[in-house]
Amino acid sequence: MCEDKELKKVGLELMFMTPEKGSGNEWITAVELAKMVELPLETVKRKLVILRDKEIVRVKGIKPKYWKFDDYSFQRMDEDDEVYKLLCSFDDVDFDRFFNY
C-alpha cells in the first residue's frame, strides 16, 4: 500500500482531537473535519469510512453523523496493519498543528 496522505491527515486529526478543537467532547462532523484538514468533504467521508471499517473511529447520529477516534481499539490493532503503520509514521508530521506549547 502506498502512503495515503489524505487518510493519514484525517486519521491524525481525529487522533489528536481535543474538546477545544471540535464540537464538544471530541465528537466532530465530517464537515467540520473537512474544514480543519482542508480536504474536500467527499474525500473526508471516504477516509472516515475506511477508518470506521478498521474500527478505529466510532460514529453516532444520522444527520449529522459525529465521528470520534477510538484510542482503545487503535491500541489493540495488529501492528502489521497498513492503516496502523500509516498512523504511527510520524516522520513528516508537524505536531504544532495539534498542540499549543
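In this predicted model, strand 1 (residues 28-29) pairs with strand 3 (residues 66-69) in the antiparallel sense, over two bridges. Ile28 stands opposite Trp67 of strand 3. Strand 3 is also joined to strand 2 (residues 57-60), again in an antiparallel arrangement, by four bridges. Within this second pairing, Lys60 has Tyr66 as its bridge partner. Strand 2 and strand 3 make a hairpin with five residues between them. In the turn, Gly61 has a positive phi of about 85 degrees.

| Strands | Sense | Bridges |
|---|---|---|
| strand 1 and strand 3 | antiparallel | two bridges |
| strand 2 and strand 3 | antiparallel | four bridges |

How do helix 1 and helix 3 cross, and at roughly what angle? The axes of helix 1 (residues 5-15) and helix 3 (residues 41-53) come within 9 Å and cross at roughly 70 degrees. Angles of 65 to 115 degrees count as roughly perpendicular, and the two helices are therefore roughly perpendicular to each other. On the helix 1 side, the contact involves Glu6, Leu7, Val10, Gly11 and Leu14, which meet Thr43, Val44, Lys47, Leu48, Ile50 and Leu51 in helix 3. By class, this contact has seven nonpolar, two polar and two charged residues.

The largest nonpolar core has 28 residues, and Val10, Leu14, Leu51 and Leu87 have the most contacts inside it. Two or more residues each come from helix 1, helix 2 (30-37), helix 3, strand 3 and helix 5 (82-87). Helix 1 gives the largest share, five residues. Leu14 touches Ile28, Leu33, Leu48, Leu51, Val57, Trp67 and Phe69, not counting residues up to four places away in sequence.

Conventions. Residues are numbered from 1 along each chain as its sequence is written. This is a predicted model: local features need pLDDT of at least 70, side-chain atom pairs count only at pLDDT 80 or more; totals for chains, interfaces and linings use all residues. Side-chain values use heavy atoms; hydrogens and water are left out. Axes are lines fitted to C-alpha atoms, for helices over the stretch in contact, and angles run from 0 to 180 degrees between N-to-C directions. Angles under 35 degrees count as roughly parallel, over 145 as roughly antiparallel, 65 to 115 as roughly perpendicular and the rest as oblique. Contact means heavy atoms within 4.5 Å. Ala, Val, Leu, Ile, Met, Phe, Trp, Tyr, Cys and Pro count as nonpolar, Asp, Glu, Lys and Arg as charged, and the others, Gly among them, as polar. Two strands pair if DSSP finds at least two bridges between them. A nonpolar core is a set of buried Ala, Val, Leu, Ile, Met, Phe, Trp, Tyr and Cys residues joined through side-chain atoms within 4.5 Å. Buried means under 20% relative accessible area, exposed over 50%, partly exposed in between (1.4 Å probe, protein chains only).
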